[in-house]
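Thanks for making time this morning. I would like to walk through one structure with you, going from helix packing to the ligand and then to a few points in the backbone.

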Amino acid sequence: MTRRRALACGAAAFAGASLRCSGSWMDSLLHLGDSEAPAEVFKGGAPSEEVWALWSGRSWVKEASHYLKLGANVQCKVCPNNCILEPGDRSHCRNRVNRGGTLYTMVYGNPCTFHVDPVEKKPLFHFYPGTRAFSLATSGCVFRCLNCQNWEISQKMPEETKDPSGPEFRLRPPLPSSLTYEDIARVSLFPDDVVAVSKALGCPSVAYTYSEPTAFYEYTYDTCRLAREGGLKNIVVSCGSIEERPLLDLAQFVDAAHVDLKGFDDETYRRLNSGKLEPILRTLKTYNQMGVWFEVINLIVPTYTDNLESIKRMCGWLVDNLGPDRPLHFSRFHPEHKLDHLPVTPIDILVRARDAARSAGLRYVYLGNVREVADAGTTYCPNCRRPVIERDVYSVTSFQLDAGRCRFCGTPVAGVWTA
Ligand code: SF4
C-alpha cells in the first residue's frame with residue numbers, strides 16, 4: 001500500500017468519511033483498498049473566483065455524484081483513477097474540482113460540441129441501422145491516449161472550450177437555422193434541452209461520445225434518465241474505464257454502448273492509454289450481464305496493438321466471456337496526436353486480425369477506416385453466409401433482414417433491429 005493510499009484509507013476511516021452515492025461508504029473503502037494509487041491531479045488547478053462565478057451563473061456547475069468526503073479532501077469514485085482532491089485541486093479528467101470540501105463537475109449542461117451522426121458512425125452496426133443520433137461531448141477524459149483523435153477537446157479544461165461571457169444562450173426548440181463557433185462556445189444545453197433538441201431534429205437516439213462520457217458522468221446520467229422518459233434511446237460511446245457502482249446506475253438507462261477495448265495487456269494500456277485493462281473487461285461483462293446491447297472496437301496501432309497473438313487472446317476472451325454474437329470492429333490507425341510519426345495500419349494486418357477473430361468463433365467482425373476491403377462493413381448471416389447488411393462507410397446500401405432474421409434462410413442475426 002502506498003503512503004498516499006494509506007493516508008486516504010486512514011482519513012476516510014477516521015475522519016467521518018461519507019459517500020455521495022447509493023451504497024455504504026464501507027463498501028467504497030473496501031473497494032478503495034483493492035485499487036491502485038489514485039491518479040495524478042492538477043494541484044491548485046481549480047478556477048479563480050471570477051471564473052467560478054461566471055460558471056455558476058450559467059448553472060454549468062453541479063455537485064458531483066459518487067464521491068467520498070475525506071475531511072476537507074474528496075475522492076471521486078466514478079472511474080478507477082479514484083482522484084483525491086485537496087481544496088483547490090482539479091481532477092485528472094480536468095472536469096471536477098474540490099471547493100470547500102465538496103466535489104463539483106464543471107461540465108453540466110455545457111457541451112463543447114454536438115452533431116447529428118448516423119448511428120453507424122459510433123460505430124454501432126447492429127442497433128437500429130440507418131437511424132441518426134444526436135451526439136454530444138464536453139471537454140475532458142479519464143485517459144491520456146497517445147493516439148487520441150479528439151485530443152483538442154478530450155485533453156482540455158472546460159474553460160478552454162466554453163465561454164460564459166455575453167448573454168446566456170440556451171439551445172432548445174424552435175432551433176436557429178445555423179450556429180456559429182461563438183454560439184457553441186457559450187451555449188447551454190441542459191438534459192431536458194437535449195431531449196427536446198433531439199426530437200426536433202428527428203433523432204431517435206442521443207449519443208454521449210467524442211470525448212468520454214465517464215468524465216461528464218452527471219450530465220450523461222441525468223440526460224439518459226430524461227431521454228429514456230421521453231422515449232429516446234441512449235448510446236454511450238466509452239473507453240469502458242468506470243467503477244462498477246456508477247456503471248450499474250447508468251446502465252439501467254443505456255440502450256446501446258460502444259466500448260473501446262484498446263489492447264489486451266496491462267502494459268499496453270499503461271503505455272498507450274494511461275489506463276488499465278481489468279476495469280474494461282469488468283465493464284464488458286457488466287453490460288453483458290445486464291443485457292445492454294453493445295459492440296466492441298479495437299484500434300490496431302502499429303507497434304502497440306498489432307501483435308497477432310495478443311489479438312487472438314483477446315478474441316478468445318470475447319468468445320468465452322461474451323459469446324460469439326458480440327460484434328467486434330477492428331479499426332485502422334491513422335497518425336494522430338503524439339503518435340503522428342507512426343504509419344497507418346497495414347491492410348494485411350487488419351485482414352489477418354479479422355481472420356483470427358472469425359477463427360476464434362466471432363460471427364460479426366468488421367474493419368473500420370478501410371475503403372480498400374470491399375466487405376469491410378458487411379454483415380453475413382451466421383448460417384447461410386450470405387450478406388444480409390451491406391454498408392458503404394456509414395451508409396446502409398443493402399438490408400436483407402426481416403424482423404431480425406436472414407431473409408434467405410430465416411436465421412436470427414444478433415442485434416436490436418426494431419422498436
Ligand atoms: S471521473 Fe475524473 S475525477 Fe473522477 S476518478 Fe475519474 S478522472 Fe478522477
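Predicted model: local features only at pLDDT ≥ 70, side-chain atom pairs only at ≥ 80, totals over all residues.

Let me begin with helix α7, residues 191–200, and helix α8, residues 217–229, whose axes lie 8 Å apart and whose packing angle is about 50 degrees. That angle makes α7 oblique to α8, since angles under 35 degrees count as roughly parallel and 65 to 115 as roughly perpendicular. The crossing in which α7 passes α8 is right-handed. On the α7 side the contact is made by Pro191, Asp192, Val194 and Val195, while α8 contributes Tyr219, Asp222, Thr223, Leu226 and Ala227. Sorted by class, the residues of this contact of α7 with α8 come to six nonpolar, one polar and two charged.

Staying with α8, we can turn to its packing with helix α9, residues 244–251, where the two axes come within 10 Å and cross at roughly 25 degrees. These two helices, α8 and α9, are therefore roughly parallel to each other. Here α8 uses Tyr217, Thr220, Tyr221 and Cys224, and they meet Pro246, Asp249 and Leu250 of α9. The class count for the contact of α8 with α9 is five nonpolar, one polar and one charged.

A search of the whole structure finds 13 aromatic pairs, and one of them is formed by tyrosine 217 and tyrosine 221, which are stacked, with 6.1 Å centre to centre and 20 degrees between the planes. Why are these two tyrosines separated by about one helical turn? Because tyrosine 217 and tyrosine 221 are four residues apart in helix α8, about one helical turn separates them.

A further helix pair is α11, residues 277–290, with α12, residues 308–322, whose axes come within 10 Å and cross at roughly 35 degrees. Again the handedness can be given, as α11 passes α12 in a right-handed crossing. Leu281, Leu284, Lys285 and Asn288 of α11 make this contact with Trp317, Leu318, Asn321 and Leu322 of α12. In the contact of α11 with α12 there are five nonpolar, two polar and one charged residues.

Now to the ligand. Which residues are around the ligand? They are Cys76, Val78, Cys79, Asn81, Asn82, Cys83, Ser91, His92, Cys93, Arg96 and Val142. By class, this shell around the ligand holds six nonpolar, four polar and one charged.

Finally, the backbone. Most residues other than glycine have a negative phi, and most peptide bonds are trans. Against that background, the peptide bond from lysine 122 to proline 123 is cis, with omega near -10 degrees, and proline 123 sits in the loop between β8 (113–118) and β9 (132–137). Proline 173 and proline 174 are likewise joined by a cis peptide bond, with omega about 0 degrees, and proline 174 belongs to the loop between β10 (169–170) and α6 (181–186). As for phi, serine 59 has a positive value near 60 degrees although serine 59 is a residue other than glycine, and its place is in the loop between α3 (49–57) and β2 (62–63).

Conventions
Residues numbered from 1 in each chain as written. Heavy atoms only, no water. Near = heavy atom within 4 Å. Nonpolar A, V, L, I, M, F, W, Y, C, P; charged D, E, K, R; others polar. Axes fitted to C-alpha atoms, helices over the stretch in contact; angles between N-to-C directions. Parallel < 35°, antiparallel > 145°, perpendicular 65-115°, else oblique. Left-handed = near helix turned anticlockwise from the far one by under 90°. Contact = heavy atoms within 4.5 Å. Phe/Tyr/Trp six-rings, centres within 6.5 Å; stacked < 30°, edge-to-face > 60°.
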